[in-house]
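Here is a friendly walk through the assembly you are about to see. Have a look at the chains first, and then read on.

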Amino acid sequence: MMRAKAILRNPPLLTFLLVALVWLIAGLSLRGFGAYGHLRYLLELAAVIGIAAAGQTLVVLMGGIDLSVGAVITVTAILLPLLSPAWDPTGLVGVALVLAIAVGIGLLNGAGATFLQVPPIIMTLAMATFLQGMLVLVAGGSAVTVQNPAVLLLGQSRPLGVPAGVVLWILVSACMLLLIHRMPIGARFLALGANPLAARLSGVSTTRNTLILYALSGFFAGLAGLLLLGMNRQGYVGIGDPYLLTSIAAVVLGGTSILGGRGTYAGTIPGAILLVTTTALITVVNASPGWRSIMFGSLILALLMISGREARR
Amino acid sequence: MTDAGPLLEARRVFKGFFGNPVLKGVDIALRPGRVHALLGENGAGKSTLINLLSGALAPDKGAIAIDGQPISRLSPASARAAGIAVVQQELSLAGDLSIAENIGLGAYPRRFGLIDYAALARGVREVCDLVGLTEPLDMPVADLALGRRQMVEIAKALFRKPRVLILDEPTSSLSAHEAGVLGRLIATLRDRGVAILYISHRLNEVQALCSHVTVLKDGGVTADRSLAGVDGEGLVRLMVGRETGELFPPKPQQRVGKVRIDVEGFSAGLVRDARLAGRAGEIVGIGGLVGQGQEDLLLGLYGAIPAKADRAEIDGRSGLPVDVAAANAAGMVYVPADRKHEGLVLPHSIASNILLPSLGRLARGGLRDRRAEAGLVADLARQLMIKGDVARPVQALSGGNQQKVALAKWLPLDPGVLLLNDPTRGVDIETKREIYLMLRRFAAEGRLVILASSDTPELVHLCDRVLVLREGLVAAELSGPAITEAAIVGAAMGVEQGEGIGRKTVQ
Amino acid sequence: ASNCVKGDRKAPYTIGWANIYSVPTWMKQTEGTITAEVDELKKAGLVKDLMITDAQGNAQTQIQHIQSMIDANVDAIVVIAGSSNALDRVISDACDKGIAIVNFDSLVNTDKVTAKINTDSNEWGGEAAKWLVNQLGGKGKIIVMNGPAGISVSDDRRKGAQPVLDANKGIEIITETNTEYNVAPAQEAMTSLLFANQEIDGVLSLGGALSAGSVLAFDRQGREQVPITGENARQFLELWKEKGLKGWATMQPNWLGALSVYTAVQALEGKSVPAFIKVPLPVIDDSSIDSYLARADKFPADGYIYSDYDKALFDKLLAQ
Amino acid sequence: MNRASSSGLYGAIQRRRNRGLVGLYLVVAAFLVLYAVLFPGILTIGGFSKFTQNWFPLALVTMAQALLMLNGGITLAIGPLVSLGAVIAATTMGSAFGVPGGILAVVAVGLGIGAVTGAIVALLRLPAIIVTLAGSFIITGVALILLPRPGGFVPGWLSTLLAGHTPVAFLLLLVILGLWKIFLATPLGLAIYAAGDNPVGAFRSGVPIERVKIVSFALSGVLAALAGLFVAAQTGSGDPIIGAPFTLNSIAAAVLGGVGFLGGKGTMRGAVCGSLLLSVMINVMFFLGFPPVAQYVAQGLIIVGAVAVPAHLALWRAAR
Ligand SMILES: Nc1ncnc2c1ncn2[C@@H]1O[C@H](COP(=O)(O)OP(=O)(O)OP(=O)(O)O)[C@@H](O)[C@H]1O
Ligand SMILES: Nc1ncnc2c1ncn2[C@@H]1O[C@H](COP(=O)(O)OP(=O)(O)OP(=O)(O)O)[C@@H](O)[C@H]1O
Ligand SMILES: [Mg+2]
Ligand SMILES: [Mg+2]
């Protein structure tokens, strides 16, 4: 009884249970859903969302929001082929360059939020617009098929039958959980998210932490972009667009408060899987687009009612 | 004592949070024309009880009765309609709304369904005059200092012309002068037949104002009696349940330590051109009416607001800290008055709050050392007698215990200079004693304590030296036997008195 | 004379190109044909200026842009509509002002335009369906992949396919999807459908990069490729060759943009242009795919390999 | 206190609320002046009418968003609600219901959806952002079912009335702003602020915070649906996805106008100014002849600048 109550009050665990439940029901009732290959595929898709949502989780924990995630994913996917030098057989130089750019974009976001005191939502939205403009310049004129071996390996290989993307996601998850729960900076992010003034007066530097935070968000979005590129073998303008809303949705479905200061990446992980599962379920249903949209919304709402209750006053 | 029946009663009420009982069958009856004191240590359940009385919470068992009639589901709105007004311990104001709009909230005068701003202004002006609020009524509450907000909160309660007025630590951030105004006001209301419930940890106020007392302890009522013939010590005995010693530790013979802080021509926020020096082993008090720059002085020294000084020397290093981190590095720490907004991260656990400033120090190899952290937290919790599970969110703690956490978190840093802004605000008398002892001990260990306080006795009995601020200027600097309540209040009000030295106001 | 044109405007003209969204590669390429054409016309002294706007996918903003073009008194407006009827009123306003309006690709409802230029979306769907039905010998289970819901082009293509499918009772539609005209979402959707359906005989993919996404999904799941229709996306054409697909493709030629500019100038010059210029659908099949792939290098990897065009072709189309 | 000085209270409060907005007012004014210099036609009735018509729906959705943000909420369903409003207008007005019936239907649907969303958020204590995200899919679905592709019908006279060459839209905006001011002068209206800023405090002061939340969602729904109605009139028809871009734009405009996320911070006039800036910016960039790349870049810079510059001016002034 006590144990059951503890679970109900632990959003990440609850969300995990929800995933298990949905998988069980869908696996029993839908042909092909429960196949190992299919579940593995779902995880692979969830990995992209999960990695993109890693940065988003941190930003939301600190009370901000990053609307440039989609644009950063697109930028990395488009730029990687252009920036992978032919002389580098491993492809790691291109990867490093592109990730550096993603981090740079994040740093710019952070700088705007701290030095210019622009609300993060505005800063990152403006950044997304800005990047769109850059893409108009860069895209469409040159080859964007990926030949970079590192990225192809990431997107296509399956060491021990596990997709490399999922392996990467596991690594990212481990780092994220370490960062949030085992490193001082995680506690500082949370404190800044819950009460920036008190945190500042306790010696937590807003400036430094905001910069680090948005840089991390840029980094993870870039990583997601690379994975996505590897999985699709080709980048195109708009490839990152779907990941903006899904990254936010995964965070919130995982029980992290959008107002900051409360939550954990442990919730985002099942949140991402839940979203992918819902999309897959809706895809196989044969209904008109309108009805499918209604079903998707209702499912999200239903899942939210089970998992996302805010603490009572 | 009147014979009239009680206007508002709690009858054998029970209330618990998440299975932890707080009130276990408590009775209280508020009668017209009587000022009723509610005493109890921090976390005894006083605020919880008044939340039940005012409909903000529903009792688990038992009933609230108005005019002798048990009410089944009391809501804040219906309580207000029945003439019950509360001055909350935690302020209930909306920052962006004006003073007038806050005072009227929930009881706006209307014309044709619209708020009648003319009537509102009249009514609000009236209560503001009563409590001595002189700020323009259109000023957003967020622009007010904490003490002034407290006055708005009181005005808000009066605005409803209550039959029952409940005051939960109304003076905790008020200086002696404002507290005096409030005291006279309470007496007037009592004489008009209002039933008043008064909660305070300042026992001298209780003694001066109240005629009846209810004491809460361990979830039950341990005393419910008239205060006639009870003296100060008796009151303390009633509350603590045993004989106690002096509240303030004796002031030691002044030992001269090294200079810890020496600033000249210091300006920050309201404060202009101040001179401040402090040596190791001293407790330096900062007094004055509410909002005369005391907070800015501390924040400026702490690097939290822009400040400049002609000359500054802090622990041998010259120059003011550029930011909070630099101040911490220089061994300076700050405990804010508004613990809810500035001192604590309310939704986070006691442990997280305590650990926040020392996270980096305790980490090993970039990772947090759970064992060391747990040890430290347990240590501090024991030292400061913070009871219960340290994994609880701080917002579930009573006000006084929150204050302890806000103080405790700095101790691991072994600070050389403590900047304290009303550190005993809302703290019960036993804890106060502990805090005073602790501050003395800190001083004896060679630290410098700078203590801004709205509690004048604290300045008088605890501090070795007191600066009195008025309109951002140092109006007087008192030391030794010259520190008296009269001298402090006089200097604060701008009345020539005592041996006030230092700069005088030029206006 | 042509619709809208009053004959009071003299060369060189200012042309407004009111794009709905300039970021997708198809749009980039289309804009490329427009600017190339404008350069030609500038050399001929017929055009002096090209104003380009990008409504960022927002039909409301596009209305605002066209209104601004009217305010700036451009001589011609070339437009891809962000909504099939949202622009009707502002466009007829422009027409009333004597501005030559040429609308291509996504068409508006109103007829108060100088010319509409497009391939036939119904025919697009119909031809694709016919080819697939023939491939399957009139019998089999198929999946239909549509573009986004609520967009008339996507709806028209689907409608065009319906009579053909109705006429062949042996064809069973297992399920349909709607996704953006992009590889990743299409691949994702098709993968889910592959798991849910063990038997699939053909894919009726109605445009954009949907086909490439579908082929990639089959490939990654190790399923045998099935006959598939599609569009001239370079990635699809390359996959077609690489995987030896049974494929068929048509296209929405990017040079519709160039043709529109050309048409607008012709109309302003007093030529009478047809109110509707139907551009025949070029077909890519096994016989012609090599000729397209031979030119692939000149096109972006995520772009579309369009058929050749020249002034003669334009004149022929205008002479309809 | 006499009447004069107390009516001064209301005025004084209003004046004080303008204080933080001076920077924004200046930025917006600068853009308006620049626009008038670039295109003097804006100063004619016709030019002014057209300009304000293009701004009007954004102004409405910004109000709808700001209303919720002031109460400590947010909605991601604004865009879909605009679409649904347009769809309902375009499907009912042509039928037996007629125009009055159509308007009634639009208002009822906006009110109903808003109230239900508000009830879910307030009573079940679910985070508004994700409830409205789910709601956005549901509402889009309904719009797509009612009108699978752009179409429907709005009587021409209504279009001419609302979006002709007269500034009716602007007058309507003034009326709506007036109504908002009146609403804000009611206890319920002011409670939106109080409950947004300090819900616990407001509750203890006797404010029915749940009801306030439901009312604000309902009013927000009505405003969004009315924006949809206007879009339908402006375009003469309905489009099931035309509103999508409004969601982000409404948030951007509100934040630009100084409305905070945590509730209780900001003003409606600021939010409306923010939306005006977003709208006039498009026209100014057009008349400056910016190519699309520059449009994107400049848009990003202007948005950041419009927040950063006033904030730093204020800091700079405070420091002196
Ligand atoms: N207690 C306070 N109350 C109100 N405003 C404050 C307070 N403390 C500081 N400020 C103001 O907040 C602003 C931000 O402070 P600051 O730039 O020092 O940030 P920070 O978090 O200290 O960053 P860093 O430590 O990295 O320099 C300053 O302009 C300061 O005036
Ligand atoms: N919302 C809540 N959730 C959980 N526990 C609570 C809550 N409110 C109060 N408590 C607990 O109830 C007990 C009584 O708290 P209360 O605030 O009534 O004490 P108090 O007598 O007013 O103390 P103080 O003098 O410090 O203000 C405390 O132990 C506190 O931790
Ligand atoms: Mg209390
Ligand atoms: Mg600083």
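## Burial in chain B

A residue is called buried here when its relative accessible area is under 20%, worked out with a 1.4 Å probe and with protein chains only. By that cut-off, 61% of the 507 residues in chain B are buried. Please keep in mind that this is a predicted model.

What does the surface of chain B come to? Its accessible surface is about 19200 Å², and carbon and sulfur atoms account for 52% of that.

## Fold and charges of chain B

Chain B holds 18 helices and 23 strands. Its radius of gyration is 23 Å, close to the 23 Å that the globule rule gives for 507 residues, so chain B is as compact as a globular protein of that length. If you follow the C-alpha trace along its principal axes, chain B spans about 70 × 60 × 50 Å.

As for charge, chain B carries 60 positive and 57 negative charges, and their mean positions lie 4 Å apart.

## Where chain C meets chain A

How many residues does each chain bring to the contact between chain C and chain A? Chain C brings 33 residues, while chain A brings 37. The area buried between chain C and chain A is about 3000 Å², with 49% given by carbon and sulfur atoms.

## The helices of chain D

Which elements make up chain D, helices or strands? Chain D has 14 helices and 0 strands, so its pattern along the sequence reads α-α-α-α-α-α-α-α-α-α-α-α-α-α. The radius of gyration of chain D is 20 Å, close to the 20 Å that the globule rule gives for 320 residues, so this chain is as compact as a globular protein of that length. Along its principal axes, the C-alpha trace of chain D spans about 60 × 50 × 45 Å.

## Packing and surface of chain D

In chain D, 62% of the 320 residues count as buried. Among its contacts with a separation of 6 or more, 81% are between residues 24 or more positions apart. The accessible surface of chain D is about 10800 Å², and 76% of it belongs to carbon and sulfur atoms.

Technical notes. Residues numbered from 1 in each chain as written. Chains lettered and ligands numbered in written order. Predicted model: local features only at pLDDT ≥ 70, side-chain atom pairs only at ≥ 80, totals over all residues. Heavy atoms only, no water. Helix = DSSP H or I, 4+ residues; strand = E, 2+ residues; numbered from the N terminus. Rg over C-alpha atoms; globule rule 2.2 N^0.38 Å. Buried < 20%, exposed > 50% of the residue type's maximum accessible area, 1.4 Å probe, protein only. Areas by Shrake-Rupley, 256 points an atom, 1.4 Å probe, with all protein chains shown as cover. Lys, Arg positive; Asp, Glu negative; His and termini not counted. Charge placed at Lys NZ, Arg CZ, Asp CG, Glu CD. Contact = heavy atoms within 4.5 Å. Buried area = accessible area lost by both parts, 1.4 Å probe.
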